[in-house]
Amino acid sequence: MGDGDYFDFSHGVFHGPVTGVAGPPGTTAPPPSTLQAPPAFFTGRDSEVEQLLGILAPRDEPGAEVTNACALSGLGGAGKTALTLHTAHIARARDWFPGGTLFADLHGYDDTPMSADRTVTLLLEMLGLRNTELPQSPEAQYARYRSELADRPRTLIVLDNVSDPRQIWPLLPGEGTDHRVLITSRDVQDSLPVQQLTVATLSPQAAQNFIDRSLRRQDPDDHRVAEEPDAVRELAELCGQLPLALSIGAALLRRRRQRPIATLTAELRDAVDRLRALSTSGVDQYGKNMSLRPMFDVMYERLEPRLARVFRLFAQAPTDVLGLGGAIALCALPQQELESALDDLVACSLLVPARPFHSHGRWQMHDLVRLYARSVVETDSSLQLEATRARMTLTVYYWQTLQSALALILGSPLDDVPDVFVGDRSLALAWCTNERADLLAVTLWVLSDDEDQFTCAEVLAKAFTDYLKHLRHRRAYQDLEIVARAVLTAANRRQRRSTEGAAWAWLSHALDGLRRFDEALDCHDHAERIGEELGEPGALANVLANRGTTLWQLGRYEEGIDAQTRAIHAFDDLGRLRSAAQCRLNLAQLLTLVRRHSEAHDHLIQCLPYFTRTGDRVSEATTRRWLGTLLGKLGRFEEGARAHTRALGLCAELGDWHGRAAGWGNLGGLWADMGRYEDAAQAHIRARDWFASLDDHHQEAIAWGNLSGVLTHLGRQDDALHAARAACDLLEASGDLTKLISQLNRVGEIHQSSDRHLEARAALTAAAAVAKRADLLRKGTEA
């Protein structure tokens, strides 16, 4: 008799000797269990385990709705079997299945999968039937199988590695509704009446814990994960947090016990074929090969041609997430046909709906799956040509759609571009937000060796920089720097001097926004030299305008005024009215700062009608905001308040949150001048919070400083001190030493007014030290 076999000899009639083992009176046979061992190390699946246990738990209430079967689907190597076995062993330890726990591997993705007929024979043998007791026909075996289950207490059946519902549908229990079935498959079992659970990859932290536990299980003294947190974090990313890939990575680390984790991450990062690099000899705990590519080969080969094509083309997307519009452009299919194909790829676990899944749909492809799909394309010249054309079409789609969005966002007319968003500005804003990462990535295709791809991406780069300039916050300037440097590199490689000059101008704008003004001045010099070389007066006028803005930020107001004035004359001569109006706006702001209020007012009054007439509402909002500030300085407070209010309304309509934040700061300044200190404090708090949410910490610091001044007027000295100190911390980080000196002096004044003379002296001493540092930096720059 095998393990777990039990025969009741009581009350029998025997004709000859019987051999057996006597047990204690009243003993019964233990329920059969053919589960494989639980995973040696298991982590990061708490919610999934709880969900499965909820399905497996007994239902004592009569008439309670019971989920008999649950199918776990997910990408190959996601750990479905490990999750199932871990949970099944917990349930067995809790005595939830007195009828037994049965496990059958159906080898669904092997060359010869198990049929349902073969599996039912195996399950009957697990239930204790000997070969001589098995019915001969499959139909009779299924009947006997259902009969056995109907007479048994609650039983768990695990059907692992299923590729086709025909392998399992006859094996679902009939009578005996307390039985449970767990199914694992790379494919969604949506044709069967089972609950579906998708098994995703591990979280980044769980993936790192997985590597740590797998290393220390073999060698408890292996502390490389603790010693190299950055390297193990990168290793988990390179493995895509996929348990099989993590197991392979851990095995490779165990083989190179004396070497740092960083050596493996460097090899994987630089590998021509990361999938081949993620491979090692031997098998895992469940006998599965420790290699990714063969597993992906099987999944790809099972796709019918139309799905295989969509799969390959989807992998050409610039990032791992792609929206419906981009997918239509990339795959060149009608929407209904494409959505059906994407649904099928989701069912095959080769795509997953991205979260959040917007109304128009977004899908995500695992990083390692993308690598595989791209490698398939690289081996076939005809597929390479198809992929190149698809990327070109996608670039054109992004350019056209972004142009349409910009027209609505900036309030400017559409120029030979279809109105994709049917005049709905909120949709345009949402599209730009959702697609921003893809827009950035597609723009970086300027680095492609393909000349046509470079040209398309270059055109997109111009539109994308216009969008990023509109955002006016740190993250946008960081993206703008990435785009500008990529275009600069590509243009230099191709000796496109005009494009190179434009890229230097974009880079100067990005560096201005990042407060790296000295670097920005160098960019102006490069752009000016190229403009002179090519004889492009328009480019030289742009350089003057941009240089004026940088000089303004450096506090070199008179030089900035001169540069902007010269730029206005140059643009007037060229007939570029919009650029001339923008320079007048910039010049007015500079003139306000040097108290030349009458001249500033004249320039604002000249440029405002142009912006309103042409529908440039972004510039109109900025003009009205500065007009409000200027009117306040001229003592025309009510007019100034109306201008600020109108500017705030325009910014809200445009979704220009940076402009709205600045507007609240300007309005707070006006109310402070009017003596409305409570209103001013609330306005500066709004400005501070908006700038903080936009990661513009320099402007946040200025808002804190303005708030400190208002709170001082309100006699709230402690709050004013807190605000001034917050401003100092942020200004130190941003490197604005001029404003830092001012705030340190304010801290000293607040302490002095409260008779805290030692603290006041310390603050004033710190201000003097910063002033000395600023002077040394200035002299160094001049030298």
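**A guided look**

Guide: Gladly! This is a predicted model. Within the protein, 66% of the contacts with a separation of 6 or more are between residues 24 or more positions apart. The protein has 33 helices and 10 strands.

Visitor: What makes the protein more spread out than a compact globule?

Guide: Its radius of gyration is 35 Å, while the globule rule gives 28 Å for 783 residues; the value is well over the rule, so the protein is called more spread out than a compact globule. Along the principal axes, the C-alpha trace spans about 125 × 70 × 55 Å.

Visitor: How much of the protein counts as buried?

Guide: Of its 783 residues, 50% count as buried. The accessible surface comes to about 36,300 Å², and 51% of that belongs to carbon and sulfur atoms.

Visitor: Which residues have the most contacts inside the largest nonpolar core?

Guide: They are Leu292, Phe296, Phe311 and Leu402, in a core of 139 residues. Helix α16, residues 381-410, gives the most to this core, with 12 residues. Apart from it lies another core of 38 residues, with Ala641, Leu648, Leu707 and Ala727 among them.

Visitor: What does Leu292 touch beyond its neighbours within four places in sequence?

Guide: Leu292 is in contact with Leu242, Leu244, Ala245, Ile248, Leu275, Leu278 and Leu368.

Visitor: Why is Leu303 called buried?

Guide: Buried means under 20% relative accessible area. Leu303 has 11% relative accessibility, so Leu303 counts as buried. Leu303 is placed in the loop between α11 (293-301) and α12 (305-314). Leaving out residues up to four places away in sequence, Leu303 touches Ala308, Phe311, Leu345, Cys348 and Leu350. For a sense of distance, the C-alpha atoms of Leu303 and Lys772 are separated by 70 Å, and these residues are 469 apart along the chain.

Visitor: Why does Arg688 count as buried?

Guide: Its relative accessibility is 16%, which is under the 20% cut-off, so Arg688 is counted as buried. Arg688 sits in helix α29, residues 677-693. Neighbours within four places in sequence aside, its contacts are Glu700, Ala703, Trp704 and Leu707. Leu707 is also among the residues of the 38-residue core.

Visitor: Why is Pro204 called partly exposed?

Guide: Partly exposed covers what lies between the buried cut-off of 20% and the exposed cut-off of 50%. Pro204 has a relative accessible area of 48%, so partly exposed is the term for Pro204. Pro204 is in helix α5, residues 204-218.

Visitor: What makes the phi of Val422 worth a remark?

Guide: Most residues other than glycine have a negative phi. Val422 is not a glycine, yet has a positive phi of about 50 degrees. Val422 lies in the loop between α16 and α17 (425-443). Its relative accessibility is 71%, over the 50% cut-off, so Val422 counts as exposed.

Visitor: And Arg472, is that residue buried or exposed?

Guide: At 17% relative accessibility, Arg472 is under 20%, so Arg472 counts as buried. Arg472 is found in the loop between α18 (451-471) and α19 (474-494). Phi of Arg472 is near 55 degrees, a positive value in a residue other than glycine.

How values were computed. Residues are numbered from 1 along each chain as its sequence is written. This is a predicted model: local features need pLDDT of at least 70, side-chain atom pairs count only at pLDDT 80 or more; totals for chains, interfaces and linings use all residues. Side-chain values use heavy atoms; hydrogens and water are left out. Helices (H or I, at least four residues) and strands (E, at least two) are DSSP runs, numbered from the N terminus. The radius of gyration is taken over C-alpha atoms; the globule rule is 2.2 Å times the number of residues to the power 0.38. Buried means under 20% relative accessible area, exposed over 50%, partly exposed in between (1.4 Å probe, protein chains only). Contact means heavy atoms within 4.5 Å. Accessible areas come from the Shrake-Rupley method with a 1.4 Å probe; for residues, only the protein chains shown count as cover. A nonpolar core is a set of buried Ala, Val, Leu, Ile, Met, Phe, Trp, Tyr and Cys residues joined through side-chain atoms within 4.5 Å.
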